[in-house]
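Take a walk through this model.

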Amino acid sequence: MPENFAPVLLSWYRKHKRDLPWRRSKDPYRIWVSEIMLQQTTVNAVIPYYERWFKQFPTVKVLARADIHQVLKAWQGLGYYARAKNLHKAAKVVSKRHGGLLPKDPHLVRSLPGFGPYTTGSVLSIAYDVPLTIIDANVRRVVMRVEALPGQADAKQDKVVGEFLCTVFPRKSPGDFNQALMELGALVCRNKEPLCIQCPVSQFCEAFKKGTQEIIPQPKARVIKNLEAVIAIIEKDGKYFIQKRPPKGLLADLWEFPGGKIKAGETKIQALRREMKEELNSSLESARYLFNVTHFYTQFRVNLSVFACKPSIWPKNDALHKWVSLISLRGYPMPSGSAKIVQRFSLSG
Ligand code: SF4
């Protein structure tokens, strides 16, 4: 690979990079938070979260002192809540052991919660110019095309992709180089319809020379599952009943309305009765259909049928079960489906 791959790419990046809030600072904490937020989430979705986050948690020490409830609430809607929990745990360690400043040593950083090879490489290279290569979906796709690698874009490619990166990795500005490759993947070497005519590295690109850029990487068959669930809204004297999810597993520690998946062969009312028994040890006295809410996750689409329900036994307030007003509901961290239901109430209330 010619030596001028990196200079050409860097010069394009410096002219064409997007003006994003986290690119206006070299503060390692800001870069760290942006990198965690950007995993599995689009740039446009992240910007308002990022700006609100730094109003609420301006430093690592402030984040470390915050209650996890506040942290999860600030994260609500970004998904993958384990990332927020790890960020909070790592902030406590950085605050206690490193005076609130993220260390530069990759070994120390790798030992923090939430720091795998990708996050360590991206944060340290961007914040401190530590010479670490990184591979994300954009980098993998660009390199597969430049090298005309066969197969799907998955982790099996990463040995060859990593070898390529080592051959072109610049001594100066490793952080900008990493960002430049990701930016190229996001803006030019897009998944569908890459803009090869505008591409700064087309002269080095084997797929472009062969005309195979549209079929590299080989597309994956994506299976989206549909899930049907019922949700019970239990209201008494203007207060709504919510419960906390278990501390481990999907959407751990978030608050939600009672309910769950409809099992094969069940009607919605039968599912509500069963959920009421399992979750609240109560019978269902009445159920009135209110509305439907649909939410998309990466691998599935959930259709929530929402009912106003009356149980035979009213559940009690305790650490894991709460009766809260509509206004207070908005302060609880919730999965996106439950948050959408609260929003519907707020609009109609
Ligand atoms: Fe991607 Fe086309 Fe550039 Fe090759 S020439 S890196 S396929 S945009």
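Leaving aside its neighbours within four places in sequence, which residues is Leu-280 in contact with? They are Ile-234, Phe-241, Gln-243, Pro-258, Glu-275 and Pro-315, where contact means heavy atoms within 4.5 Å. This is a predicted model: local features need pLDDT of at least 70, side-chain atom pairs count only at pLDDT 80 or more, and totals for chains, interfaces and linings use all residues. Residues are numbered from 1 along each chain as its sequence is written, and side-chain values use heavy atoms, with hydrogens and water left out.

Leu-280 lies in helix H13 (residues 268–280). Helices are DSSP runs of H or I, at least four residues, numbered from the N terminus. Leu-280 counts as buried because its relative accessibility is 13%; buried means under 20% relative accessible area with a 1.4 Å probe, protein chains only. Trp-314 is 34 residues apart from Leu-280 along the chain, yet their C-alpha atoms are separated by 8.5 Å.

Now turn to helix H5 (residues 68–75). Its buried residues are Val-71, Leu-72, Ala-74 and Trp-75. They lie on the same side of H5, because they cover an arc of only 160° around the axis. That arc is taken from the directions from the helix axis to the C-beta atoms. The cover over these buried residues includes helices H2 (28–38), H3 (43–56), H4 (60–65) and H6 (81–97).

Methods: Buried means under 20% relative accessible area, exposed over 50%, partly exposed in between (1.4 Å probe, protein chains only). Helices (H or I, at least four residues) and strands (E, at least two) are DSSP runs, numbered from the N terminus.
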